[in-house]
Every structure is written in structure tokens, then in C-alpha cells.
Amino acid sequence: MKNPVYTFEKLKFASFEFTCCEGCQLQFANREASLEAFFSLLDVRTFREISSEKHDDYDIAFVEGSISRSDEIERLLAIRRQAKTLVAFGTCACFGGVNSLKNCHSMDECIAEVYPGLPVETLPIRKISDFVKVDLSIPGCPVAKKEVERIVVSLVTGSLATLPKYPVCVECKEQLNTCLFDLGEICLGPITRAGCDAVCTTGKTPCLGCRGPADDINFPAFLELVGERGLNRSDLKEKLGFYNAFEAYPCQ
Amino acid sequence: MIYKVISKAEFKRFIDALVQNNSAFGPRLVDTDSRGESVYQFQPVSSVEEIAFDYTRTASSAKHFFLPFREELSQFHFHDDDWEQNVSYEANPVVLVGLRACDISALNILDDVLLNSHFPSACYLAKRKNTFVIGMDHLPLPDCFCKSLAHHTVSTGFNLFCSDIGEKYYLSINSSKAFTYLKEFQTEEPSHEDNCLLTERRKLISRSFQTEVDVTSLPSILDIEFDSPVWEKWGAKCLNCGTCAMVCPSCYCYSVEERFNIDLKGASRNRKLYSCNLVDFAVVAGGHNFRPKNGDRLKYRYYHQHRGFAENANQQICVGCNRCGRACLAGINPKDVINDLRMEKESCMICVSQSPART
């Protein structure tokens, strides 16, 4: 693949899914206008959702989903052994995601509720970095295709692949939205990493933090804000726990 | 400047004709907050009825019409063994209705920075020249402190400024465009009584301020208080969310990024408004952060607003609209921060300057 000035190699690419809805991988098919250009950056070796061909000679693996069974751990370790670059793709892979709500219950309870009477193995939900080294994370529920495009271009061209370090508020203000705190809601926007173009808050839905904490957040000040506004602490805890993305910031 | 008066009914017809035939924006009610207060923003308007002439203030300023939150500065095309740069800065004409004196002052400050500097911004110039600005006076809100910075009146930087003198608007016409448009509508020379009403209106505005922030000598106080614990105190509250700079009418700091297009046949250079409170504002190549602490970043926002530019261009950048103070979730606002800094100094003065006892 050559543009008039530079020569770049296509990425020898594979995409895998674990416990998830596969909605992040589906985002690969989004933004039709640039789809052809996007896939011309990739030499797809394995990608079950779009191709029955399967080759194990990939360099870069995008991994969607969280880990909830022992055979998933084995598969993940095998991917890590092959991939030069392993990307945690989507909120489930990065933080455990909405699946982590399972961890509030005993595993026996979960099996009895979902698969009553069937011999099913299940483990508490874990993010993939609990088992393997992750080289790059692309959070989001689902991931934003625009950001995926930008990061894939960075990977192909060998430039820095970065995420915004600041919180959602910046992008929310760009949309001229009324602050949801001023409408009496708890919104995780002030502590959540931007990059989503504030899509939820623009639709007047408070941010649930699917992209995880922004860099160097001021969590004590955020707790104080929720307290000062007289907002419900258990509502806050529920929101912080929704994607399991704020594990590092315990809230009593 | 040419002065005219216009009846309110005729004024509405004038505005209606302008906004119906142009891409126009004006204050509109967008929400009612949980305290029951109306929230306004500059939004597209296509008829005069959509404009909330009695609005308090817009939550966000009108800055982004001139300095968009994100803007493509140029495109690069690769061909043969070379590349070419294409810069385009055409701006479509826009009518902006209802800016306050402080908002227009902020535009004048942006003009100083972006037009009257060594490297004028063509992108900004195109938008500024192609925007028809109609200002409207208002009675100050309880937290407005623009008078402290002498921005409660404005005499340049707009096409037309309207003062509410009861039955009529007193028009200050500051461009030939505004004069020509108004020819189609019925206006009159201001009478002696109209002039008196305007003076009364200005007096009323001037004496209605409830908030005063003493900004005299602030540049030097900021110099002296560089290591003040006040910065740490307020910094500890700061969420680093950048909201203050986003809603500010005069914060203009930005980041620039160059990216390959997805087909790799070209690239673009993009500008994005940034905030000195964002965690990586002062990160340089290699990853070093010159301002890793909240308090440092907050301090530099105040330094830029009230000191740096004042030293170089003899004016503070803040126009006293308090949008940042209202929007800040952590309750940080210029009045309290500046008063805190002054208190620090003044309490100090008291303890060292005891008068000698009389003998």
C-alpha cells in the first residue's frame, strides 16, 4: 500500500470476541463512506463476524469482551502469544463492562437464574488486562468508529495512538448542552474520558462512564459535588458500578 | 457612529427581515434548570418570534461563531514526490442578534489577540468580517461584574447596538451595512427626550450592579501571590473539566493536531479549543507535564485572564460575565478567587502595619 509520498504496510489484523454482545466489532462496518478506505488499511487474517477464513499469522489483535470462563482465558493467552500488539476493544474488554453486574451475585445464583438445571461453568467477570498485557485500549460501549479509524490510521502510519485525556464535559460544552447536574441528574461526564462527542448527554441521558476515568480525575471533588447538590449516593454508586470502569475509585 | 431611534414594533420587523433572509442566531430558551431558572443559548433563528429578547444570559458565549470549538485549518494533498497545502477560510455571512456589551468587548479582545498580533488568523478574520453583530443592552444580573472591568458599555466591535429606552430602541449604528439595512425601515433622529432617556438607561444599568470585583492592581497582586496557598485551596476543588474555558467569551487557547486522512493520500491540520485546566495542557513531547497540579493549572488560567495579557496589552482578558462561575460544578468563580487573593494580602498588611501608639 503506497501513497505518493510514503509507503505503509497493511496491518495483519485479527478480531476476537469473548463475553460480549459483539456490538463493538459491528462498529467496524459503520461509517460506510470511509469503509473501503478503512479496510484497505487492514489485511484481515481472522474476523469471525465478517469472514469464514481463519489464519493465525496476525500481528495485531483487537479483543472484544470480558472473560467469564476458563476456556476463554486459554484462548486469550494464545492470542497474546501470537499478537505483537493486543488492543482491548470496547468497554467489556477494558473494564469488564455491563457484564460485571453479574459479580454482585454468587455464580450459583447466576446459573440458576439464566441456565436453570444445566451444567454451565461460569466465573466472575474480569477485564482482559487481568490476564494479559494490553498494549492499547479503545474504550466505549460501543466504541466510536471515528476514533477507531483515527487509531488504525495511527497504527498503520506509526504515529502515536492516543485517547483524549480530558473528561466528557469538554465535548458536552461543544454541543452547547445544558449541564445535567443543573437538571438535577448525576452525570459521570466530569470524570469520564472524552472521545464520544458526548453522545449520551447530548441526548439528555447522563453519562455512565463507559469510557472509564479520564486522566488524573479529581474524584474527591466529584463526590463533594454530588453531596452538595443533594443527589442520591446510592444512585451514584449504581452509576459508577454500571460498567465497572471506576473500580479504582471506591465510593462509600 | 450614527444614532437613530426605532419603535419596538418596527425594530421587530427589521430583525424579522434580517433573520428570515440570513443564516441567523439569537438567544433562545433551551431548558429550565432544577432551580426553575431559564437556560438560554445562541441558537439558529428564522423568525423574530423565536428570539428571547428578555433573556438573562446564554450559558455559553458567542465565541464559537468566530473561533469554533473545532476547525480544520488546512488540507494537505500528497502527489508525486511532493505535497501541497490548501488553506480555505471562506465564511458564510451570519447575523448574530442580542449580544451583550461584555460579549462584544470579548470579541474586541479576541480581535486584539487574533488580528492585531504578529500572526493574524485568516480563519478568524473571515468569520469576524462576515458576521453582522447586533448588540442589546440589559440590566445586570446579580452576579454580573463587567462594570468592574469597564465592559458594561461598549463603543466598537458591533454593527448595531440597541439600548432599550422604553417604547423605543436607541440605535448606535456602527457600520454602513447596518445603516443601509435600516434605510428600508422607519427610524427617526433621536429627540432631546430620547437622549435623556438613553442617559437615564445608562445610569440605571450602571447603578444596578450588585457584584463588584476589585481588579485594580490585580496584575501585580498576582505576581506577588504566585506561591499563595489560595491556588492550592481552589485547585483542590477543580474537576479539570475545562468547562470554564469552553463557555468563556474570551478564552482562546487551542491545540493543533495534524492527521493523515483515512485514505493516506492527504492529511489535515485541525485546531481545537482547549483549556489550561485540562490535565495535559502543558504536556510537551516526551511526556513531561509542566503543570501537573490542579492548583497550578487553575492559577495559570487566572494569570492569563488577569495578568499576562494585561502586562502585554494593557487590558485584562476577563470581561466579567461570570459564565465560568455559573457553569463551574465545583463552585469556583472569579469573584471569590480574586477576593481570596486580595484578603490574603490585606490581612497581611493589617498585621504588619499597626499604627504606633499615641504618647
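**Close-ups of a two-chain predicted model**

**View 1. Where strands 2 and 6 of chain B meet.** Start with Phe25(B), whose bridge partner in strand 6 of chain B is Leu96(B). Strand 2 (residues 23-32) and strand 6 (residues 94-99) of chain B run parallel here, joined over three bridges. Strands count as paired if DSSP finds at least two bridges between them. Helices (H or I, at least four residues) and strands (E, at least two) are DSSP runs, numbered from the N terminus. This is a predicted model, in which local features need pLDDT of at least 70, side-chain atom pairs count only at pLDDT 80 or more, and totals for chains, interfaces and linings use all residues. Residues are numbered from 1 along each chain as its sequence is written, while chains are lettered from A and ligands numbered from 1 in the order in which they are written.

**View 2. The open sheet of chain B.** Seven strands line up as 1-9-8-7-6-2-3, with mixed pairing.

**View 3. Gly135(B) and its surroundings.** Look in strand 7 of chain B for Gly135(B). Gly135(B) counts as buried because it has 26 C-beta neighbours inside 10 Å; the cut-offs are 20 or more other C-beta atoms within 10 Å for buried, 12 or fewer for exposed, and partly exposed in between, with C-beta atoms placed from the backbone. Leaving out residues up to four places away in sequence, Gly135(B) touches several residues, including Leu99(B), Ile104(B), Phe158(B) and Cys162(B). Contact takes C-beta atoms, placed from the backbone, within 7 Å. Val97(B) is 38 residues from Gly135(B) in sequence, with 6.6 Å between their C-alpha atoms.

**View 4. Chain A against chain B.** The contact draws 32 residues from chain A and 36 residues from chain B. On chain A's side, the elements giving two or more residues are helix 2 (35-39), helix 6 (145-157), helix 7 (169-174) and helix 9 (219-228). By class, that side of chain A has 18 nonpolar, six polar and eight charged residues. Here Ala, Val, Leu, Ile, Met, Phe, Trp, Tyr, Cys and Pro are nonpolar, Asp, Glu, Lys and Arg charged, and the others, Gly among them, polar. The model scores ipTM 0.93 and pTM 0.93.

Terms used. Contact = placed C-beta atoms within 7 Å.
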